[in-house]
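Please read the numbered points with the sequence and the model at hand.

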Amino acid sequence: MPLVTHAEALYAAKGIRAAGRTRLKPHPTGACPLLGTDGRCTIYAHRPFGCRTHFCAEAGGPYPRKTVVDLIHRLEALDEQLGHTGDARPFEPALQDVLG
């Protein structure tokens, strides 16, 4: 699982709610809890930066940090605007916190 900022967790939670869910439940195989039964991401448009670039091979990653450093700084700045430190946290606990 990738690490996410608070802003990314909020955005992923928006995707979870748009998919008609209100909480995470474990995937039967132990894989990401956001994978559907078909093995595809159920929040693809709302997936975090780590899934888009570094973590998820299906998304084309990993990319070298130097090619995405500007985006990393923008995510940190957005997180700070939301009153957080910009520090990344494990994906599932961060999602649980914002889903309530």
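1. Basis of the note. The model is predicted, so local features need pLDDT of at least 70 and side-chain atom pairs count only at pLDDT 80 or more, while totals for chains, interfaces and linings use all residues. Residues are numbered from 1 along each chain as its sequence is written, and side-chain values use heavy atoms, with hydrogens and water left out.

2. Overall fold. The protein has 4 helices and 2 strands, arranged along the sequence in the pattern β-α-α-α-β-α. Helices (H or I, at least four residues) and strands (E, at least two) are DSSP runs, numbered from the N terminus.

3. Of the 100 residues in the protein, 35% are buried. Buried means under 20% relative accessible area, exposed over 50%, and partly exposed in between, with a 1.4 Å probe and protein chains only. Among the contacts with a separation of 6 or more, 60% join residues 24 or more positions apart; contact means heavy atoms within 4.5 Å.

4. Phe-91. This residue belongs to helix H4, which covers residues 91–99. Phe-91 counts as buried because its relative accessible area is 2%. Beyond its neighbours within four places in sequence, Phe-91 touches Met-1, Pro-2, Val-4, Ala-12, Leu-34, Ile-43 and Pro-48. For one of these residues, Pro-2, the C-alpha atom is 5.8 Å from that of Phe-91, although 89 residues separate the two in sequence.

5. The loop between H1 and H2. Is Arg-40 buried or exposed? Arg-40, which is in this loop, has 61% relative accessibility and is therefore exposed. With neighbours within four places in sequence set aside, Arg-40 is in contact with Leu-34 and Leu-35. His-46 is found in the loop between H1 and H2 as well, but its relative accessible area is 15%, so His-46 is buried. Apart from neighbours within four places in sequence, the contacts of His-46 are Tyr-11, Ala-12, Lys-14, Gly-15 and Arg-52.

6. Aromatic rings. How many aromatic pairs does a search of the whole structure find? The search finds 0, where rings of Phe, Tyr and Trp (its six-membered ring) pair if their centres lie within 6.5 Å, and planes under 30 degrees apart count as stacked, over 60 as edge-to-face and the rest as tilted. The ring of Tyr-44 does have the charged end of Arg-47 over it, 3.7 Å from the ring centre. A charge sits over a ring if NZ of Lys or CZ of Arg is within 6 Å of the ring centre and within 35 degrees of the ring normal.

7. Val-68 is a residue of helix H3 and is buried because its relative accessibility is 7%. Ile-72, also in helix H3, is buried because its relative accessibility is 12%. For Ile-72 and Phe-49, which are 23 residues apart along the chain, the C-alpha separation is 8.3 Å.

8. The second largest pocket. Its volume is about 250 Å³. A pocket is an open set of points on a 1 Å grid over the protein atoms alone, where a 1.4 Å probe fits, with protein on both sides within 12 Å along at least five of seven lines; lining residues have an atom within 4 Å of a point. Grid points are joined across faces, edges and corners, and a volume is the space filled by probe spheres set on the points. The lining of the second largest pocket consists of 13 residues, with Glu-8, Phe-49, Arg-52, Leu-71 and Leu-75 nearest its centre. Two or more lining residues come from each of helix H1 (6–18), helix H2 (49–53) and helix H3 (65–81), and H3 gives the most, with 4 residues.
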